[in-house]
Amino acid sequence: MLYENISYPDQLPFKIFFSNIVEENYHYHKELEMSFVLRGTTHYKIHHLDYSLKQGSIIIVDSSDLHRIFHSSDDILMLTIQVDLDYFSDQYPAIASSIFVCEIPDGKDPQEYQELQNKNKILKRLLTKIMIAYQQKGGESLLLSYVENLISTLVEQFQDFVFSGTLFKPDKRQLKDTDMWRYLKISDYMYTNYQEPISLQTLSDYLHLSPYYVSHLVKDISGLSFKSLFRISACGEILNRL
């Protein structure tokens with residue numbers, strides 16, 4: 001099954017653990033996932049994008065993103081945090097449909113590259129605090145305060161990015177929360193109904209919108225055509241390789 005149901009310890013809205021995954025199948029979950037490479041090298045694939053990670057790298061998997069880990073070195077060790085975004089929905093109503101990016105792709109504009117590097121230093125400090133508190137069993141309230149700080153930092157510094165070819169770029173438009181919510185519904189529908197044929201008309205009927213609107217909605221937010229999104233989702237070619 002593609003969908004992963006995550007349980008939280010002690011009724012907290014997050015799960016923290018160390019992992020040494022070498023290879024895993026494609027899957028998705030409603031939680032935001034962040035991994036911090038402490039040792040070794042690994043690869044993440046999120047939808048159709050490949051990311052090579054080394055010691056010190058950070059990667060974010062957004063809610064409902066199809067992803068997998070592969071070709072990790074034998075000594076791989078990562079700190080991973082999975083966060084229940086529903087817990088933060090009162091404070092950040094659109095958080096479940098937000099796109100967060102901290103990866104620094106090759107070829108990025110030098111000024112943007114340096115800006116993102118500086119921001120990543122903030123994330124690394126926060127993740128280090130979380131790791132130390134977790135190792136030293138610093139208590140639920142302390143960990144929760146650190147995770148809350150982490151989420152606020154993501155919202156303030158690392159959202160509003162869109163696809164540009166195979167890279168992300170800052171989104172200068174102001175996308176409507178309702179459109180982001182609709183896009184998330186489209187992604188969820190594709191992943192949970194991958195065994196059924198899905199067309200633009202199917203999604204239009206599901207969302208009570210016109211096929212034209214759905215097509216442009218997918219293109220505007222993901223940068224991909226409906227057919228491309230279908231192909232890289234659970235409905236398409238990825239499933240054939242599982």
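**Close-up views of a predicted model**

**View 1. Thr 128 in helix H1.** Thr 128 is partly exposed, with a relative accessible area of 30%. The model is predicted. Thr 128 belongs to helix H1, which spans 110-135. The side chain of Thr 128 reaches back to the backbone oxygen of Lys 124, at a distance of 2.7 Å. Leu 79 is 49 residues away from Thr 128 in sequence, yet the two C-alpha atoms are 9.3 Å apart in space.

**View 2. The largest nonpolar core and Leu 154.** This core has 32 residues, and Ile 151 and Leu 154 are the ones with the most contacts inside it. At least two core residues come from each of strand E1 (14-19), strand E2 (32-39), strand E5 (58-61) and strand E7 (77-83). Helix H1 (110-135) and helix H2 (140-157) each supply at least two as well. Not counting residues up to four places away in sequence, Leu 154 touches Leu 32, Met 34, Ile 60, Phe 100, Leu 123 and Gln 159.

**View 3. Strand E5 and its pairing with E2.** E2 and E5 run antiparallel and are paired over four bridges. Within this pairing, Ser 35 has Ile 59 of E5 as its bridge partner. In a regular strand, side chains alternate between the two faces of the sheet. In E5 both faces are covered: Ile 58 and Ile 60 are buried on one side, and Ile 59 and Val 61 are buried on the other. Of these residues, Ile 60 is among those that Leu 154 touches.

**View 4. Surroundings of Ser 63.** Ser 63 sits in the loop that joins E5 to strand E6 (67-70). Ser 63 counts as buried because its relative accessible area, 9%, is under 20%. Leaving out residues up to four places away in sequence, Ser 63 touches His 29, Lys 30, Glu 31, Leu 32, Leu 85, Ala 96 and Leu 184. One of these, Lys 30, has its backbone oxygen 2.7 Å from a polar atom of the Ser 63 side chain. Tyr 28 is 35 residues from Ser 63 in sequence, with a C-alpha to C-alpha distance of 7.9 Å.

View 5. The side chains of Lys 30 and Glu 31 meet in a salt bridge at 3.6 Å, N to O. Lys 30 is partly exposed at 33% relative accessible area, whereas Glu 31 is buried at 2%. Lys 30 also forms a salt bridge with Asp 86, where the closest N and O atoms are 3.7 Å apart. Lys 30 lies in the loop between E1 and E2 and Asp 86 in the loop between E7 and H1, so this pair ties together parts that are 56 residues apart in sequence. Asp 86 has a relative accessibility of 48% and is partly exposed. Through shared partners, salt bridges join Lys 30, Glu 31, Asp 84 and Asp 86 into one network.

**View 6. The salt bridge between Arg 68 and Glu 23.** Four salt bridges are found in the whole structure. In one that involves Arg 68 and Glu 23, the closest N and O atoms are 2.8 Å apart. Arg 68 is in strand E6 and Glu 23 in the loop between E1 and E2, so the contact ties together parts separated by 45 residues in sequence. Arg 68 is buried, with a relative accessible area of 17%. Glu 23 is partly exposed, with a value of 43%.

View 7. Apart from neighbours within four places in sequence, the contacts of Ser 73 are with Val 22, Gly 40 and Thr 41.

Methods
Residues numbered from 1 in each chain as written. Predicted model: local features only at pLDDT ≥ 70, side-chain atom pairs only at ≥ 80, totals over all residues. Heavy atoms only, no water. Core = buried A, V, L, I, M, F, W, Y, C linked by side-chain atoms within 4.5 Å. Buried < 20%, exposed > 50% of the residue type's maximum accessible area, 1.4 Å probe, protein only. Contact = heavy atoms within 4.5 Å. Polar contact = N/O pair within 3.5 Å; in protein donor to acceptor, adjacent residues only side chain to side chain. Pairing = 2+ DSSP bridges.
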